[in-house]
Amino acid sequence: MPASFVFFAYLSAQFWAAIRHSQHGFATHPLPSAGRYTSDMNFSRFPALATLIFCGLPPLAAQVSPPASQPATQQAPLQAPLQIAITFDDLPAHGPLPPGEFRPEPIRSILKTLKAERLPPVYGFVNGFRVAEYPYQIELLREWIASGNALGSHTWSHPALDKMSAKKYIANIAENEPLLKKVDPHGDWHWFRYPYLEEGNTLEKRDAVRGYLFDHQYKIADVTLDFGDYLWNDTYARCAVRHDETSIASLHDSYLATADEYITYSRTLSQRLYGRDIPYVLLLHVGAFDARMLPDLIALFRRRGFQFVTLPQAESDAAYSVDPKVAYPGGGLLIELTASARNVNTPDASEPEAQLNRMCR
Ligand SMILES: [Zn+2]
């Protein structure tokens with residue numbers, strides 16, 4: 001394929017992506033645009049510009065300007081497809097349900113979508129206390145495994161590490177293990193997802209918990225893409241009680257627009273840190289609105305050029321093997337912790353929580 005054609009096709013794709021983004025992106029969405037993160041420049045208001053600056057230019061330069069003496073076969077390869085691993089937290093139950101919907105439905109709907117969309121095995125992170133409250137819910141964990149997906153630990157009762165001693169937190173992780181052994185005796189369930197992504201507000205606490213995890217053969221299920229999906233589940237349940245279809249349609253649009261904005265956020269930060277797109281790990285929850293939106297969310301990622309991989313595949317990338325070794329109160333993405341450790345600024349991104357909290361009251 002001639003380099004000039006590759007260049008033209010690439011530029012066209014970037015241009016149309018930019019047009020689509022500016023038509024449907026968060027900049028034109030009625031949610032507030034207060035920044036969630038410290039920023040040196042508000043790229044969330046210029047997603048097309050950010051895409052071109054951080055994603056388009058390096059590969060373009062590599063394709064358009066090979067050294068004159070370089071044979072065609074040695075030219076820089078086209079950028080590999082973007083990769084993402086979807087993961088779900090809070091199995092077997094998350095958030096309120098709309099009227100007429102019962103607890104098994106979100107998980108069964110999610111499993112149906114994952115199968116229909118032919119996604120590779122997806123990790124779901126379990127809080128055992130839910131099964132202690134409602135023993136029948138162990139069947140939802142069994143259905144998750146039987147569908148070819150995988151389970152990991154999210155602690156027994158979902159505590160916040162910032163508000164708990166390392167000793168109690170470690171006991172809470174250990175308390176979850178008998179259930180995981182029982183439902184998944186042959187699976188690789190030694191993957192741990194920190195509730196609230198809080199890995200320790202002091203280095204001592206952080207090191208103590210990691211010490212337990214590594215001594216017990218756990219791997220940390222880092223997150224590198226999070227758009228606050230859980231926020232929509234409460235609002236959806238409230239709007240459904242009122243049969244407010246107009247608001248529910250608006251929730252549909254804002255969920256996808258926010259996901260799209262945070263794709264740009266994580267890609268921009270990845271480019272700043274690594275000069276490339278790492279394989280991303282997306283945090284979702286097993287809520288009713290997440291289940292309803294999953295087909296459209298998968299379609300959005302496909303439109304943005306992503307292919308789906310497993311969590312172990314994504315985290316085999318070198319970016320996930322570097323421990324940023326920072327205390328980070330309030331929790332954050334691995335790329336945010338890494339940015340903090342390296343004094344790299346994070347991009348701005350809007351925060352939809354206040355607007356969602358006001359709806360359908
Ligand atoms: Zn959680």
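Student: Where is the place of Ser-340?
Tutor: Ser-340 is in helix H13. Helices (H or I, at least four residues) and strands (E, at least two) are DSSP runs, numbered from the N terminus. This is a predicted model, in which local features need pLDDT of at least 70 and side-chain atom pairs count only at pLDDT 80 or more, while totals for chains, interfaces and linings use all residues. Residues are numbered from 1 along each chain as its sequence is written.

Student: What makes Ser-340 count as partly exposed?
Tutor: A residue is buried if 20 or more other C-beta atoms, placed from the backbone, lie within 10 Å of its own, exposed if 12 or fewer, and partly exposed in between. Ser-340 has 16 C-beta neighbours inside 10 Å, so it counts as partly exposed.

Student: Which residues does Ser-340 touch, not counting those up to four places away in sequence?
Tutor: Ser-340 touches Pro-324, Val-326 and Tyr-328. Two residues are in contact if their C-beta atoms, placed from the backbone, lie within 7 Å. Ser-340 and Lys-325 are 15 residues apart in sequence, and their C-alpha atoms are 9.9 Å apart in space.

Student: Is Lys-325 buried or exposed?
Tutor: Lys-325 has 12 other C-beta atoms within 10 Å and is therefore exposed. The residue lies in the loop between helix H12 (311-314) and helix H13 (334-341). Its phi is positive, about 55°, although Lys-325 is not a glycine.

Student: What is the peptide bond from Leu-91 to Pro-92, cis or trans?
Tutor: The bond is cis, with omega near 5°. Most peptide bonds are trans. Pro-92 lies in the loop between E1 and H3.

Student: Where is Pro-98 found, and which residues is it in contact with beyond four places in sequence?
Tutor: Pro-98 is in the loop between strand E1 (82-91) and helix H3 (104-116). Its contacts are Tyr-236, Ala-237, Ala-240 and Ala-288. With 18 C-beta neighbours inside 10 Å, Pro-98 counts as partly exposed.

Student: Why are H9 and H11 called roughly perpendicular?
Tutor: Axes are lines fitted to C-alpha atoms, for helices over the stretch in contact, and angles run from 0 to 180 degrees between N-to-C directions. Angles under 35 degrees count as roughly parallel, over 145 as roughly antiparallel, 65 to 115 as roughly perpendicular and the rest as oblique. Helix H9 (residues 231-241) and helix H11 (residues 288-303) pack at about 100°, with their axes 7 Å apart. The two helices are therefore roughly perpendicular to each other. Trp-232, Asn-233, Tyr-236 and Ala-237 of H9 make the contact with Ala-288, Phe-289 and Asp-290 of H11.

Student: What is the span of helix H10, and what is expected?
Tutor: H10 (residues 245-274) has 30 residues and reaches 43 Å from its first C-alpha to its last, close to the expected 44 Å. The expected span is 1.5 Å times one less than the number of residues. Gly-275 follows H10 and has a positive phi, near 70°.

Student: What makes a set of residues a nonpolar core?
Tutor: Such a core is a set of buried Ala, Val, Leu, Ile, Met, Phe, Trp, Tyr and Cys residues joined through C-beta atoms within 7 Å. The largest one here has 72 residues, and Ile-84 is among those with the most contacts inside it. Beyond four places in sequence, the contacts of Ile-84 include Leu-225, Tyr-280, Leu-282 and Phe-301.
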